[in-house]
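This report describes the packing, charged contacts and ring pairs of one protein model. Please keep the sequence and the structure in view while reading.

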Amino acid sequence: MYQANGRRKTSTARVILREGSGKILINNRDIDEYFNFETLRRLAKSPLELTDTLGKFDVTVRVQGGGYTGQAGAVRHAISRALLEVAPEYRAMLKQAGYLTRDSRMVERKKYGFKKARKSTQFSKR
């Protein structure tokens, strides 16, 4: 059993990898049921595909916070970290693909006097 955490934006994912048949459960639901879009499913599975371990591990994920895209990115980050515990020789290929780097981009905060982070009221000279 291998555990790891992953984050993206405001999403946090906790992953448990066990030897098994390749089932992926996210919040007690199948990955096909949880992520409606194929792109998000592929994003979450990409570390397993890269390391040729897609059918070898059962993946159990608890993910919370953020939206679906951020959650898929957090799941990818967590699975990548867990695979490092399985076999440290995966580090080079996961690092090359950029899966081990925590995406630090966050939503910019709203500033006072503005409608959003940067959007202000329309400017008029007179």
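## Basis and salt bridges

A salt bridge is defined here as a side-chain nitrogen of Lys or Arg within 4 Å of a carboxyl oxygen of Asp or Glu. The structure holds 7 salt bridges. The model is predicted, so local features need pLDDT of at least 70 and side-chain atom pairs count only at pLDDT 80 or more, whereas totals for chains, interfaces and linings use all residues. Residues are numbered from 1 along each chain as its sequence is written, and side-chain values use heavy atoms, with hydrogens and water left out.

One of the salt bridges joins R29 to E33, with the closest N and O atoms 3.5 Å apart. R29 is partly exposed at 34% relative accessibility; the classes are buried (under 20% relative accessible area), exposed (over 50%) and partly exposed in between, for a 1.4 Å probe and protein chains only. R41 takes part in a salt bridge with D32 (3.5 Å, N to O) and in another with E38 (3.2 Å, N to O). R41 is buried, with a relative accessible area of 13%, whereas D32 is partly exposed at 44% and E38 is partly exposed at 47%. E38 and R41 both belong to helix α2 and lie 3 residues apart, about one turn of the helix. Helices (H or I, at least four residues) and strands (E, at least two) are DSSP runs, numbered from the N terminus.

Which residues do salt bridges that share partners join into one network with R8? The network consists of R8, D103 and R105. R8 lies in strand β1 (residues 2-8) and is buried, at 16% relative accessibility. The side chain of R8 also makes a polar contact with the side chain of D103 (3.0 Å). Such a contact is a pair of N or O atoms within 3.5 Å; within protein, one must be able to donate a hydrogen and the other to accept it, and residues adjacent in sequence count only if both atoms are side-chain atoms.

Strands β1 and β2 run antiparallel and are joined by 7 bridges; two strands pair if DSSP finds at least two bridges between them. Y2 has L17 in β2 as its bridge partner. The two strands form a hairpin with 2 residues between them, and K9 in the turn has a positive phi of about 50°.

## Nonpolar core

A nonpolar core is a set of buried Ala, Val, Leu, Ile, Met, Phe, Trp, Tyr and Cys residues joined through side-chain atoms within 4.5 Å. The largest one has 29 residues, and those with the most contacts inside it are V15, I26, F35, V59, V61 and L83. Elements that each supply at least two residues of this core include β2 (11-19), β5 (57-64) and α3 (68-86). Helix α3 gives the most, with 8 residues.

Leaving aside neighbours within four places in sequence, V61 is in contact (heavy atoms within 4.5 Å) with A13, R14, V15, L25, I26, N27 and V75.

## Aromatic pairs

The whole structure holds 3 aromatic pairs. Rings of Phe, Tyr and Trp (its six-membered ring) pair if their centres lie within 6.5 Å; planes under 30 degrees apart count as stacked, over 60 as edge-to-face and the rest as tilted. Y34 and F35 form an edge-to-face pair, because their centres are 5.1 Å apart and their planes stand at 75°. Both Y34 and F35 are buried.

F35 and Y68 are also edge-to-face, at 6.4 Å centre to centre and 80° between the planes. This pair links distant parts of the chain, with F35 in the loop between α1 and α2 and Y68 in helix α3, 33 residues apart. F35 has a relative accessible area of 0%, whereas Y68 is partly exposed at 42%. Ring pairs link Y34, F35 and Y68 into a cluster.
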